Amino acid sequence: MFTNNIPWLTALILVPLIAAFAIPFIPDKEGKTLRSYSLGVSLLNFGLTILAISRDYDFSSSNLQLSESYNWIPTMGLGWSLGIDGLSMPLIVLSGLITTVALLASWNVKKKPQLFYFLMLVLYSAQIGVFAAQDVLLFFFMWELELVPVYLLISIWGGEKRLYAATKFILYTALASIGILVSALLLAFYGDNITFNMAELSLKEIPTSLQVLIYIGFLIAYAVKLPIFPLHTWLPDAHSQASTPVSMILAGVLLKMGGYGLIRFNMEMLPNAHIIFAPLLLILGVVNVVYGAFAAFGQTNLKRRLACSSLSHMGFVLIGISSFTEVGINGAVFQMVSHGLIAASLFFLCGTTYERTHTLMMDEMGGLALKMPKTFALFTTSAMASLALPGMSGFVAELTIFLGVTESDAYTASFKAIAIFLTAVGLVLTPIYLLSMLRVVFYGQSNEKLELSQFNLDAKPREIFISACLIAPIIIMGLYPKIATETFDAKTVEVNSKVRSALPMVIQEANSYHFQSDKVKELLPAVLIN
């Protein structure tokens with residue numbers, strides 16, 4: 001059944017997928033026609049996304065919209081159930097924008113262009129499927145489908161150690177995703193009503209003990225994807241070996257699937273368990289912020305430094321999710337969108353710098369500001385956004401998360417003070433490692449061993465346009481945050497209300513636990529130990 005006349009979401013998933021399977025029939029060995037074709041398909045799909053949202057989406061509602069549902073494989077209980085709300089809609093728009101500019105950034109791909117653009121379009125389809133799926137098995141199918149193109153894109157078009165990085169990526173993410181399947185089956189088969197529909201699953205009354213078990217399965221999968229320390233080690237390797245377009249999508253969209261899953265499944269479907277795990281998530285978020293910042297200091301490889309920076313910034317998402325406040329959850333979603341744009345911009349500019357210098361080692365660069373002034377200006381702007389300069393989206397996101405934790409009544413004052421202080425340390429470190437990166441790469445004396453072409457060295461119009469497409473929304477969201485927050489305000493209010501409504505039951509259960517030591521109680525929300 002459809003709640004609207006046009007199956008928008010099905011079209012958004014199938015258009016790039018069908019277009020991908022048409023690529024082998026396009027006679028173009030050099031890739032010139034293929035790149036225009038793939039970019040045209042992506043632009044069409046992005047245009048359909050904007051049209052569907054502007055035409056049939058109600059921003060003031062937290063309900064599921066543009067819903068589509070019918071039996072797909074009835075014998076397996078698998079339904080083609082799609083829908084979007086304030087949580088998934090901005091991430092679908094983000095996916096469309098970043099994938100489109102990533103295809104524009106892959107303009108010079110000459111190695112196996114048919115396979116490259118085929119995988120990029122399949123990846124685009126899988127991204128939309130993950131965020132639009134309302135059937136948990138369909139979600140798992142799309143989640144797994146997305147892994148295959150990324151693995152191949154890294155292993156074929158990556159750097160010298162691409163096979164190692166690609167294998168590490170697929171082992172981490174594929175093995176962890178088993179947790180999604182196991183937890184989904186436990187959810188679906190609990191009780192008399194066997195269902196895989198997410199809306200129906202969220203209405204099931206599941207005992208807290210079982211919620212905890214299911215929560216752990218989901219958490220492992222999303223912890224690898226986000227990633228959360230110590231399950232993060234695949235990320236710097238994957239980024240350092242991936243080509244520029246793949247790095248843009250990996251940092252800009254795919255990491256956000258972890259945060260999306262935590263809110264969609266762990267918070268919305270398992271509120272009792274989330275209350276118990278929230279202090280741990282907050283601690284892990286703080287560790288991500290501080291550890292990622294320190295790890296970035298130790299990287300001389302430009303891409304690895306930016307990858308560690310992403311690890312640090314995704315820690316804020318965890319902190320916002322665990323805040324027990326509408327403001328904090330709002331900030332977490334805002335941070336996912338903001339960081340997606342910032343990270344994609346930084347990795348793209350890193351790629352343009354590599355094309356000119358043929359190195360990613362910062363100590364082999366130097367003095368590039370005079371030779372590449374446009375690239376320097378764009379790189380500096382993106383770095384300023386990453387270090388949360390006021391007037392840019394990063395500042396709004398991180399400030400909102402800080403306010404959410406500060407206003408939270410779920411934690412003791414001492415616990416909040418320690419968490420805020422340590423997170424602030426990470427914030428102080430961020431401008432240091434980013435500004436030092438700019439200093440080493442763009443200032444000082446030029447490296448005499450660095451062979452630079454004297455012609456067309458600086459960013460070309462196509463590259464400036466790509467950067468502008470990413471930087472413009474960063475500045476717009478920084479100056480006028482409401483343009484983003486109004487898309488997910490209603491949903492974050494609903495999710496937070498659901499979690500807080502479960503507090504009385506969890507308080508009662510927690511007070512009955514006899515094994516709680518004083519040290520454990522210090523780590524639990526104050527509401528659990530009243």
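User: Hey, which helix is Thr99 found in?
Analyst: Thr99 sits in helix 3, which covers residues 89-105. Keep in mind that this is a predicted model.

User: OK, and is Thr99 buried or exposed?
Analyst: Buried, because its relative accessibility is 0%, and anything under 20% counts as buried.

User: Switching topic: which residues touch the most other members of the largest nonpolar core?
Analyst: Those are Phe139, Tyr222 and Met248, in a core of 186 residues.

User: And which helix gives the most to this core?
Analyst: Helix 15, residues 326-357, which puts in 15 residues.

User: What does Met248 touch, not counting residues up to four places away?
Analyst: Its partners include Ile98, Val101, Ala102 and Ala105. Ala344, Phe347 and Phe348 are also among them, and so are Val253, Ile466 and Leu470.

User: Now helix 5 and helix 6. How do their axes cross?
Analyst: The axes of helix 5 (residues 136-157) and helix 6 (residues 162-176) come within 7 Å and cross at roughly 165°. Angles over 145 degrees count as roughly antiparallel, so that's how these two helices run relative to each other.

User: Is that crossing left-handed or right-handed?
Analyst: Right-handed.

User: Which residues make the contact?
Analyst: From helix 5, they include Leu147, Val150, Tyr151 and Ile154. Helix 6 brings in Leu163, Phe169, Ile170 and Thr173, among others.

User: How many of the contact residues are nonpolar, polar or charged?
Analyst: The contact of helix 5 with helix 6 has 11 nonpolar, 3 polar and 1 charged.

How values were computed. Residues are numbered from 1 along each chain as its sequence is written. This is a predicted model: local features need pLDDT of at least 70, side-chain atom pairs count only at pLDDT 80 or more; totals for chains, interfaces and linings use all residues. Side-chain values use heavy atoms; hydrogens and water are left out. Axes are lines fitted to C-alpha atoms, for helices over the stretch in contact, and angles run from 0 to 180 degrees between N-to-C directions. Helices (H or I, at least four residues) and strands (E, at least two) are DSSP runs, numbered from the N terminus. Angles under 35 degrees count as roughly parallel, over 145 as roughly antiparallel, 65 to 115 as roughly perpendicular and the rest as oblique. A crossing is left-handed if the near helix is turned anticlockwise from the far one by less than a right angle, and right-handed if clockwise. Contact means heavy atoms within 4.5 Å. Ala, Val, Leu, Ile, Met, Phe, Trp, Tyr, Cys and Pro count as nonpolar, Asp, Glu, Lys and Arg as charged, and the others, Gly among them, as polar. A nonpolar core is a set of buried Ala, Val, Leu, Ile, Met, Phe, Trp, Tyr and Cys residues joined through side-chain atoms within 4.5 Å. Buried means under 20% relative accessible area, exposed over 50%, partly exposed in between (1.4 Å probe, protein chains only).
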